[in-house]
Amino acid sequence: MTSAAPSFELLPGAAESPVILHVPHSAREIPPEVRAGVLLDDSALERELDHIVDAHTARLAQEAAAAAEVTPWRFVNRLSRLVVDPERFPDEREEMLAVGMGAVYTRTTHREALRPDDFDPAPLISRYFEPYARAMTDAVAGRLAATGRAVIIDVHSYPTAPLPYELHGAGPRPPVCLGTDSFHTPPELLAAARAAFAPCGETGLDSPFSGTYVPLEFYGGDPRVSALMIELRRDTYMAEPGGPAGPGLTRLARALTALVDAAGR
């Protein structure tokens with residue numbers, strides 16, 4: 001694990017595309033200076049990464065972007081969410097603080113200690129979280145300036161069986177979960193997602209995960225920014241936990257391509 005790779009990457013799409021495929025949780029990379037603050041030994045850390053990483057979602061976004069009618073933009077986190085989780089609130093608004101999984105995790109997926117109780121998250125927030133948030137804000141602003149709108153499609157996965165950290169793990173776990181926001185998810189975007197992923201099995205709504213990611217500068221105030229979270233149940237495309245991708249990935253890539261095409265029109 002090295003810090004040679006950039007923390008995140010904006011991969012340009014077509015100038016006329018409003019779509020940003022956001023891939024926040026696909027990486028396993030942890031810089032050495034961050035690894036030093038993690039309590040787990042190497043084998044335990046690898047097991048934790050197997051559980052927490054949304055494996056192969058960057059590849060899924062890449063394949064969908066390559067096949068799309070109009071190439072979408074891609075914003076990809078190149079570091080593990082165990083460094084920082086860019087989709088959490090960095091303050092007391094974050095409900096996952098209840099299980100030690102705010103913007104900087106202090107507990108694992110199985111609620112074991114990941115960092116010391118007195119760990120100060122501020123340096124990681126400053127070094128990694130805030131630049132990521134600024135860059136994603138700029139990416140959305142760029143789509144607004146170029147096309148008059150922005151469509152954020154958040155690409156995630158989740159385990160077949162609930163993990164102990166999940167606050168809402170008792171509900172349905174469909175092959176495809178669509179996470180929505182009452183302000184930023186218009187009915188036509190949700191309908192397009194349901195149609196696109198229909199060949200992949202049942203699509204559910206906001207269970208076991210809900211909500212969408214929108215940079216705070218636009219959140220709840222700018223209707224030109226629409227957003228939808230795609231949560232793919234891992235047994236539909238990979239061996240769990242943390243194993244290789246299977247043939248289901250191709251089917252999901254086709255579905256995501258169809259959604260990108262519909263959202264970009």
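Is Arg173 buried or exposed? Arg173 has a relative accessibility of 14% and therefore counts as buried, where buried means under 20% relative accessible area, exposed means over 50%, and partly exposed lies in between (1.4 Å probe, protein chains only). The structure is a predicted model, in which local features need pLDDT of at least 70 and side-chain atom pairs count only at pLDDT 80 or more, while totals for chains, interfaces and linings use all residues. Residues are numbered from 1 along each chain as its sequence is written, and side-chain values use heavy atoms, with hydrogens and water left out.

Arg173 is placed in the loop between strand 4 and strand 5; helices (H or I, at least four residues) and strands (E, at least two) are DSSP runs, numbered from the N terminus. Apart from its neighbours within four places in sequence, Arg173 is in contact with Tyr158, Pro159, Thr160, Ala161, Pro162, Glu166, Pro208 and Arg233, contact meaning heavy atoms within 4.5 Å. The C-alpha atom of Arg173 is separated by 9.5 Å from that of Leu232, although the two residues are 59 residues apart along the chain.

Seven strands form an open sheet of mixed pairing, in the order 1-3-2-4-7-5-6; two strands pair if DSSP finds at least two bridges between them. Strand 1 (8-11) and strand 6 (203-205) are the edge strands, each pairing on one side only. From one strand to the next, the twist averages 20 degrees.

Strand 2 (19-23) pairs in the parallel sense with strand 3 over four bridges, and Ile20 stands opposite Trp73 in strand 3. Strand 2 also pairs in the parallel sense with strand 4, over four bridges, where the bridge partner of Leu21 is Ile153. Five of the five residues of strand 2 are buried, so this strand is largely enclosed by the rest of the structure. In a regular strand the side chains alternate between the two faces of the sheet. Both faces of strand 2 are covered, with Val19, Leu21 and Val23 buried on one side and Ile20 and His22 buried on the other.

An antiparallel pairing is found between strand 5 (residues 176-179) and strand 7 (residues 225-233), again over four bridges. In this pairing, Gly179 stands opposite Met229 of strand 7. Helix 4 (residues 122-147) lies across strands 1, 2, 3, 4 and 7, and runs at about 160 degrees to strand 2. Axes are lines fitted to C-alpha atoms, for helices over the stretch in contact, and angles run from 0 to 180 degrees between N-to-C directions.

The helices also pack against one another. Two packed helices are described by the angle between their axes and the distance between the axes. Helix 5 (residues 187-197) and helix 6 (residues 248-264) pack at an angle of about 150 degrees, with their axes 8 Å apart. These two helices are therefore roughly antiparallel to each other; angles under 35 degrees count as roughly parallel, over 145 as roughly antiparallel, 65 to 115 as roughly perpendicular and the rest as oblique. Helix 5 contributes Leu189, Ala192, Ala193, Ala196 and Phe197 to the contact, and helix 6 contributes Leu252, Ala255, Leu256, Ala258, Leu259, Ala262 and Ala263. By class, this contact of helix 5 with helix 6 has twelve nonpolar, no polar and no charged residues. Ala, Val, Leu, Ile, Met, Phe, Trp, Tyr, Cys and Pro count as nonpolar, Asp, Glu, Lys and Arg as charged, and the others, Gly among them, as polar.

The axes of helix 3 and helix 6 come within 8 Å and cross at roughly 50 degrees, and the two helices are therefore oblique to each other. The contact is made by Arg59, Leu60, Ala61, Glu63, Ala64 and Ala67 of helix 3 and by Leu249, Leu252, Ala253, Leu256 and Thr257 of helix 6. The residues of this contact of helix 3 with helix 6 comprise eight nonpolar, one polar and two charged.

Several loops hold backbone features. In the loop between strand 6 and strand 7, Asp206 has a positive phi near 60 degrees while being a residue other than glycine.
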